[in-house]
Amino acid sequence: MFVLVVLIVILFAFYLFYKTKYFRSNRLVEKKWLAAKSNIALGLFVFLFGVNHLLFISETLVTYLVAAVFIIYGAVFSWIGFKKYKHYLPFAIEEAKNLELQK
């Protein structure tokens, strides 16, 4: 249980970190790339929160349903974020190189 709680806190911190970098960035593609990274962190946060809820919270039907929704939603959100991350990574690298060459 302690390991899951630590991972949940770390993933939430990563989400806040990437979301802050998103708002501070001026580059268009980099913003999309950072949003994808924050989506991954948020999805894993929700997924692990659902797993923790399922394993260590009271065992009622409502608990199982809420945990299942969190697990499914978190997994889908992470998967979509990972696909966006892979898509925008080459464009973000190219954008950074172009801005570096302009200086």
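Predicted model: local features only at pLDDT ≥ 70, side-chain atom pairs only at ≥ 80, totals over all residues.
1. Start with the largest nonpolar core, which has 8 residues: Leu-4, Ile-8, Leu-11, Phe-45, Val-46, Leu-48, Val-51 and Ile-71.

2. Which residues does Leu-48 touch, once its neighbours within four places in sequence are set aside? Its contacts are Leu-4, Leu-7, Ile-8 and Leu-11.

3. Now turn to how H2 sits against helix H3, which covers residues 61-102. The two helices pack at an angle of about 160°, and their axes are 6 Å apart. Angles over 145 degrees count as roughly antiparallel, so that is how H2 and H3 run relative to each other. Their crossing is left-handed. As for what makes up the contact of H2 with H3, its residues divide into 26 nonpolar, 8 polar and 5 charged.

4. Last, have a look at Glu-30, which is also part of helix H2. Leaving out residues up to four places away in sequence, Glu-30 touches Ser-25 and Glu-95. How far is Glu-30 from Ile-10, C-alpha to C-alpha? The two are 23 Å apart in space, with a separation of 20 residues in sequence.

Technical notes: Residues numbered from 1 in each chain as written. Heavy atoms only, no water. Core = buried A, V, L, I, M, F, W, Y, C linked by side-chain atoms within 4.5 Å. Buried < 20%, exposed > 50% of the residue type's maximum accessible area, 1.4 Å probe, protein only. Contact = heavy atoms within 4.5 Å. Axes fitted to C-alpha atoms, helices over the stretch in contact; angles between N-to-C directions. Helix = DSSP H or I, 4+ residues; strand = E, 2+ residues; numbered from the N terminus. Parallel < 35°, antiparallel > 145°, perpendicular 65-115°, else oblique. Left-handed = near helix turned anticlockwise from the far one by under 90°. Nonpolar A, V, L, I, M, F, W, Y, C, P; charged D, E, K, R; others polar.
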